[in-house]
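Let's work through a few exercises together. Have a look at the sequence and the model, then try each task before reading its solution.

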Amino acid sequence: MGSLGSVDVEADIAIPIIDLGPIRFGTPDEALATGKQVYEAFRDVGFAYIRNHGVPQEKIDEAFKWSAKFFELPLETKKLAPHPPNGWHHRGYSSPGQEKVSQMEFDPDKLAQLRTSAPDFKESFELGRATDTHTPNIWPPDSALPGFQSYMLDFFATCDIAKQSLLRAIELGMDLPQGFFRDFHSKQDNQLRLLHYPSVETRLLKDEKVERIAAHTDFGTMTMLFQDDVGGLEVEDVKIRGKFNPAPYIKGTIVVNIGDFLMRWSNDQLKSTLHRVRAPPPMLGSEGIGEYTKERYSIPYFVTADREKTVDCLPGCWGEDRPKKYEPVCSRDYIEMRLNATY
Ligand SMILES: O=C(O)CCC(=O)C(=O)O
Ligand SMILES: [Fe+2]
């Protein structure tokens, strides 16, 4: 972060880069110091770049390869795994324009209007744990892409293990008892999403005729985002509302951000920050008419509290001088209310 008295605003709002190694392998003191850094990043920015997150690079590379293979399938084949019309059953394939991400907009007429005026130009595939019977997975036939299903479930499980170190870091940073968050996140009710933003005429992105993903906050506890090196992810400046700063790919890191559920759970102590995907910065994309922006792939893993759990304000986040701002809420009710607004 910027030094005292610095006029370098950019440096003050930058997303911190934090090495999670001490949480996984360090002494208790080292782990505590890292926990504090993670907590401060999520309190002040809502976003952090995390190194030594525990998901091996080879596994990430392979997940991107499978994602590319899936999206290369003919549209008719991808449509054999159709996302249901209801937003809450968030599984399977959504073709470009089917999902429209918005920020806290629930009015059906307004949502329909948004969907047609500036569609999200992306396609996605969502999956969860194999044992989920409430929102079962929707796969293409295995013969269409043999090995896809088993690899994705394996990657899902790897991310689930990695999430524990991040939750542990937040616990430490907030002086919560060891295992506090683990006990709310034991069912693997998380969601893994493959995202593909096709190549698009740069001018359409710049003129906001199409969006890649509109400005939004995530819904759950936190998101672990794997992104390729194309660029385009932008995060709202914590000091200047409406100004978005690029969050480019940094080798060896993942981007982690807090979601609305944890923001609410923490009585707004942790921040769920607006972000979006636009055209990459000019040196990577092209500017002229008829020029195309490179396609982009990303893989967010949405860490979500166990569905049946109801959460009340986190210990340490309320008191006489800081009343609870929110009623207790059930994880499933909250997440499904948010998902229903996106389809
Ligand atoms: O593609 C990205 O990098 C961002 C995706 C995202 O924000 C989301 O799916 O919630
Ligand atoms: Fe997001």
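**Exercise 1.** How do the residues of the shell around ligand 1 divide into nonpolar, polar and charged?

*Solution.* This is a predicted model, where local features need pLDDT of at least 70, side-chain atom pairs count only at pLDDT 80 or more, and totals for chains, interfaces and linings use all residues. Residues are numbered from 1 along each chain as its sequence is written, chains are lettered from A and ligands numbered from 1 in the order in which they are written, and side-chain values use heavy atoms, with hydrogens and water left out.

Start with the shell: 14 residues surround ligand 1, each with a heavy atom within 4 Å of it. Now sort them: eight are nonpolar, three polar and three charged. Here Ala, Val, Leu, Ile, Met, Phe, Trp, Tyr, Cys and Pro count as nonpolar, Asp, Glu, Lys and Arg as charged, and the others, Gly among them, as polar.

**Exercise 2.** Find the distances from oxygen atoms of ligand 1 to polar side-chain atoms of Y197, H216 and S298.

*Solution.* Look for polar contacts, pairs of N or O atoms within 3.5 Å.
- Y197: 2.6 Å.
- H216: 3.0 Å.
- S298: 2.6 Å.

**Exercise 3.** Which element gives the largest share of the shell around ligand 1?

*Solution.* Strands are DSSP runs of E with at least two residues, numbered from the N terminus. Those that give two or more residues to the shell are β5 (191-197), β7 (213-216), β12 (275-277) and β14 (296-303). The largest share, four residues, comes from β14.

How values were computed: A polar contact is a pair of N or O atoms within 3.5 Å; within protein, one must be able to donate a hydrogen and the other to accept it, and residues adjacent in sequence count only if both atoms are side-chain atoms.
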